[in-house]
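Here is a short briefing to read alongside the coordinates. Have a look at the model first, and then we can go through the fold and the interface together.

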Amino acid sequence: MSRQPYLPIALVVAGLALLPLGLTSNTVLNFLAFAMIITLAAQGWNILGGYGGQFSFGHAVFFGTGAYAMALLQVRFGINPWLALPLAMALGAGVGFAIGYLSFRARLRGSYFALVTLAFAEVFRISANAWGFTGGAAGVLVPLRIGAEHMQFADKRLAYWLALAFVAATLALTLALSRSRFGAHLVAVRENEEAARALGVDALAVKLKAITLSGAITASAGCLYTQKFLYLDANLAYGPWISVEALLAPIIGGLGTVFGPLVGAVVLLGLGEVTKTTFANLTGGAIPGVDLVVFGVLLILCVAYAPRGVLGLAEGWLGRLKGTRP
Amino acid sequence: MSALLSVQGVTKRFGGLTAVDNASLDVAAGSITGLIGPNGAGKTTLFTVIAGFEPATAGKVQFEGRDITALPAHVRAVQGIARTFQIVQPFAGLSVRENIAVGAFLRHKARQAALEQADAVGHQVGLGPLLDQSAGQLTVAGRKRLELARALATAPRLLLLDEVLAGLNPSEIRDMMPVVQAIRSSGVTILIVEHVMQAVMSLCDTVHVLAQGRIIAAGPPGTVSRDPAVIEAYLGHGAAARMQAQDIRQAESRGDHPGAPHA
């Protein structure tokens with residue numbers, strides 16, 4: 001165990017922070033900012049799914065709640081986005097606690113829990129689509145007001161750095177959590193709930209804390225999404241796309257690891273972009289959904305050959321290079 | 001010696017099946033108390049009720065004089081009752097040290113203290129050299145030791161051992177018995193469910209015999225093993241009488257032919 005457990009995080013974040021100094025194209029900056037937002041959503045999922053073993057298929061419910069709360073607090077109530085953001089995160093935490101309380105108290109596990117979260121996300125999506133307060137099918141437009149005090153940046157690098165700061169904080173939080181008593185209890189519940197209870201772990205309380213924290217983090221990703229695109233509708237906020245990306249990134253990067261969601265999101269979105277561009281160049285026109293094919297293939301490859309994700313593979317290779325077994 | 005654990009008239013029914021029927025037993029503080037009985041007698045069910053994993057249909061469980069019947073399993077663990085599982089339940093994805101540390105975290109908030117405690121307990125049960133191994137790679141004997149270590153790491157006052165010797169070979173059993181005795185010497189009271197009679201006889205101060213859900217005998221192991229009701233429960237109706245008759249015949253034949261070698 002390293003003496004400086006937080007050093008790798010500091011190095012990776014510093015490296016990512018320096019990227020925009022070399023790469024100045026708008027496309028790259030947009031990609032980087034978007035990748036950080038997806039990373040953040042995936043980091044939230046990873047707390048509950050990766051460390052806690054409770055696979056949610058509906059993290060869109062937290063992402064969307066964060067995104068809508070961020071937009072509506074500004075548009076309907078005139079609240080400053082810097083104040084709206086913590087409120088939206090608290091709302092995401094509340095929704096997480098409520099869903100957790102209903103499903104964990106009913107002892108839902110595995111695929112049953114996954115299906116219930118999927119159902120919650122769909123209920124939220126359909127409601128947001130129908131309700132006038134949320135803008136209905138037309139969605140919500142956040143008025144353009146460039147300026148740091150409105151969390152809207154003319155310089156795309158600033159938007160990226162803001163998202164990176166959230167990712168960095170969550171990296172540190174995840175590491176602290178994995179080394180704490182709560183983290184040990186969470187992993188014990190993932191591995192074997194009965195055995196954990198025998199060792200004095202209050203499994204229900206542990207899972208409730210995890211889903212509440214998870215909800216808050218994924219909601220913050222929704223907030224940043226709103227501020228970046230300034231437009232939302234039900235399919236963007238609560239659509240299955242974000243549930244899928246939030247769970248694919250940690251699975252591909254490395255489940256229940258600190259860096260898994262970050263690595264997974266960058267690999268996933270990077271390959272998606274490359275595929276889209278390549279096919280567009282080859283056929284002379286964009287093929288919508290071709291990146292989803294890549295996601296599917298990646299998932300199959302990961303499940304078959306790299307159950308511990310890209311990080312697990314890398315660890316294995318490093319181990320072999322050093323001549324020791326991992 | 002006062003009773004650390006007192007089970008009073010506990011009944012557990014699963015639908016129409018009565019697994020435990022009005023069972024009562026006391027476990028004296030500082031003792032190793034055995035719970036034996038034929039397969040399907042309800043020993044493990046009684047254990048799960050004592051540990052709080054199943055609610056009792058009727059009856060009471062008292063620990064240190066307090067009624068704990070309504071408390072969930074994790075609260076009983078906090079109060080000082082730890083159990084092992086008959087079918088071992090390792091956290092397979094974690095190392096041996098991390099497994100034990102989960103138990104140690106019950107009394108230690110800091111990671112460093114919990115890991116140190118895990119190391120100490122690991123060495124105590126003979127897992128010292130395997131602490132960094134993945135728990136999923138342990139042998140059966142290793143997993144049994146891990147069950148014991150995890151429970152012990154919660155610093156219990158009462159340790160419930162559910163067949164920790166089952167599935168071990170004779171030399172592994174010989175290795176394990178001093179470990180159990182050392183745990184008692186350190187001040188932990190033990191209630192043990194066990195099939196390995198050699199172990200029960202040499203370890204236990206008192207033995208309770210459960211058959212078809214009822215306690216049919218209790219007392220020191222030597223007395224209980226000669227109890228006709230116990231012999232019948234294990235070997236079938238009439239077995240006690242047949243064995244007694246056989247003993248008499250053997251005694252007579254020895255008497256008729258002095259000096260003949262024993263059969």
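In chain B, residues 24 or more positions apart account for 64% of the contacts with a separation of 6 or more; two residues are in contact if their C-beta atoms, placed from the backbone, lie within 7 Å. Keep in mind that this is a predicted model, where local features need pLDDT of at least 70 and side-chain atom pairs count only at pLDDT 80 or more, while totals for chains, interfaces and linings use all residues. Residues are numbered from 1 along each chain as its sequence is written, and chains are lettered from A and ligands numbered from 1 in the order in which they are written.

**Chain B: fold and domains**

- Chain B has 10 helices and 10 strands, counted as DSSP runs (helices H or I, at least four residues; strands E, at least two) and numbered from the N terminus.
- Its C-alpha atoms fill a box of roughly 75 × 45 × 35 Å along the principal axes.
- Of the 263 residues of chain B, 43% are buried, that is, they have 20 or more other C-beta atoms within 10 Å of their own, with C-beta atoms placed from the backbone.
- Chain B is assigned domain 1 (1–80 + 156–226), domain 2 (91–153) and domain 3 (232–263), with bounds from an automatic or database domain assignment.
- Taken over C-alpha atoms, the centres of domain 2 and domain 3 of chain B are 49 Å apart.

**Where chain A meets chain B**

- On chain A, 18 residues are in contact with 21 residues of chain B.
- Helix H7 (181–191) and helix H8 (193–198) of chain A each supply at least two residues of the side that touches chain B, and H7(A) gives the most, with six residues.

Key
Buried ≥ 20, exposed ≤ 12 C-beta atoms within 10 Å, placed from the backbone.
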